[in-house]
Amino acid sequence: ISRFLDDPQGGDFLALAQAALAFQVERIEPIRDLCKRRGIEPTNLRDWRQIPLVPVAAFQSLRLAAAEPLEVFRSSGTTGGERSTHYHPFPDLYRRSVDASFPKSCLPTPAPVPMLSLIGARELLPDSSLAFMIAHVLARWGSPGSRTAFTRRGVETAQARSWLGAQQRAGQPVLILATAFALVDLLDALVRIDLRFRLPAGSALFETGGFKGRTREIERPELLALITERLGVPPERVVREYGMTELTSQCYTRALAGGDPELFVPPHWLRARALDPITLEEQPAGWSGVLAILDLANLGSALHVLTEDLGIVDGEGFRLLGRAAGAELRGCSLVAEELATGTLAAPVPRAAPD
């Protein structure tokens, strides 16, 4: 799988999926039991879609680990306090997935690149998969002058302003790494003191995450307008990332290559589908559904993850529509219950149209 991450010609996707599932069936009891109940033999797979779905809710109650974890990642949680836990035995595979996808989608120039991170460092967030990833990005491609301006208090706007001013004068393209809510915190601070920067031409901004649990939320057009007005980074230089605690790999928009700024494009070792949220049947092209993602780099936990995000598959990628409501996740809930109780979930019929 590591070789396949580096080279799409380095292996056959289905054969690798079969081998990865066989590895998990041997080592992860919930996956083994699920395959047994479904009558699934890894060597008999004819389509990667046959690999059982594992809802993100299962990461809240089950230990899905093919070996002793070397990293333990936890989600930020929900209003109910439930947090997913991803026991990750292969952090080097995580780093390889970042190496194979991040540079071509996110770096504005060849490395090293001056970077400003508005994402907490690993010392602050030791169980955050995003902090793990950003630490690797800074070490691998960041220039010596890169800085993290985020502490327990949140965004350190004074540090960020100082860094932005210095880079504006230096004239070299930079990369800002930020969650959406941290970015809004910085932009709000710049608006309050009416401060504007004009970062060097070619600079870019990496944006990830939403506004879950935050009191300040703005529409995307307003966010992009503020980024342009206060940082001097145009919308076509803003790269969006789709990632989650339960996955090892990330999907990015291809804004820097002139692609659709709202279309997330999976790397070649990942497959994404939109499923009917009740029956979990694959939706026709252009129809919305709950996103299901098969990630070969999730070798140590669960290959086929059923998210709680709504999206539309569009050509080579997908578009996000937001989080699914609880009532829209009946099919996901049944599969999670099956994993937890060991009772085969009955298929959910679609109601007849009126």
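This is a predicted model: local features need pLDDT of at least 70, side-chain atom pairs count only at pLDDT 80 or more; totals for chains, interfaces and linings use all residues.
Leu280 sits in the loop between strand 13 (270-275) and strand 14, and although it is not a glycine, its phi is positive, at about 65°.

## The chain as a whole

The chain has 354 residues, of which 52% count as buried, and its secondary structure comprises nine helices and 16 strands. Among the contacts in the chain with a separation of 6 or more, 67% are between residues 24 or more positions apart.

## Strand 15 and its partners

Strand 15 (residues 304-314) pairs with strand 1 (residues 54-55), to which it is joined by two bridges in the parallel sense; within this pairing, Val54 has Val305 of strand 15 as its bridge partner. Strand 14 (residues 288-295) is also joined to strand 15, here by six bridges and with the two strands running antiparallel. Gly289 and Gly311 are bridge partners, the latter lying in strand 15.

Strand 16 (residues 317-323) is a further antiparallel partner of strand 15, again over six bridges, and in strand 16 Arg319 stands opposite Ile312. Two residues lie between the strands in the hairpin that strand 15 and strand 16 form, and in this hairpin Gly315 takes a positive phi near 60°.

## The enclosed cavity

Rolling a probe the size of a water molecule over the atoms shows where empty space is left. In this model the count comes to one cavity of 30 Å³ or more, and the volume of the largest cavity is about 40 Å³. Its lining consists of Leu21, Gln24, Ile31, Cys35, Ile51, Pro52, Val54, Ala302, Leu303 and His304. By class, eight of the lining residues of the largest cavity are nonpolar and two are polar, while none is charged.

Helix 2 (13-27) and helix 3 (29-38) each supply at least two residues of this lining. The lining of the largest cavity also includes Val54, the residue whose bridge partner in strand 15 is Val305, and His304, which belongs to strand 15 (residues 304-314).

## Ala297, between strand 14 and strand 15

The loop between strand 14 and strand 15 contains Ala297, which counts as buried at 1% relative accessibility. Leaving out residues up to four places away in sequence, Ala297 touches Leu93, Ser97, Thr248, Ser249 and Trp269. Of these, Leu93 and Ser97 fall within the span of helix 4 (91-106). Ala297 and Ser2 are 295 residues apart in sequence, yet their C-alpha atoms are 8.1 Å apart in space.

## A cis peptide bond and a helix residue

The peptide bond from Ala111 to Pro112 is cis, with omega near 5°. Pro112 is located in the loop between helix 4 (91-106) and strand 4 (115-117).

Leu116, which falls within the span of strand 4 (115-117), is 43 residues from Gln159 in sequence and 9.9 Å from it in space, C-alpha to C-alpha. Gln159 belongs to helix 6 (residues 157-170) and counts as partly exposed at 32% relative accessibility. Apart from neighbours within four places in sequence, Gln159 is in contact with Arg147, Thr148 and Ala149.

Technical notes. Residues are numbered from 1 along each chain as its sequence is written. Side-chain values use heavy atoms; hydrogens and water are left out. Helices (H or I, at least four residues) and strands (E, at least two) are DSSP runs, numbered from the N terminus. Buried means under 20% relative accessible area, exposed over 50%, partly exposed in between (1.4 Å probe, protein chains only). Contact means heavy atoms within 4.5 Å. Two strands pair if DSSP finds at least two bridges between them. On a 1 Å grid over the protein atoms alone, a cavity is a set of points where a 1.4 Å probe fits but cannot get out, and a pocket is an open set with protein on both sides within 12 Å along at least five of seven lines; lining residues have an atom within 4 Å of a point. Grid points are joined across faces, edges and corners, and a volume is the space filled by probe spheres set on the points. Ala, Val, Leu, Ile, Met, Phe, Trp, Tyr, Cys and Pro count as nonpolar, Asp, Glu, Lys and Arg as charged, and the others, Gly among them, as polar.
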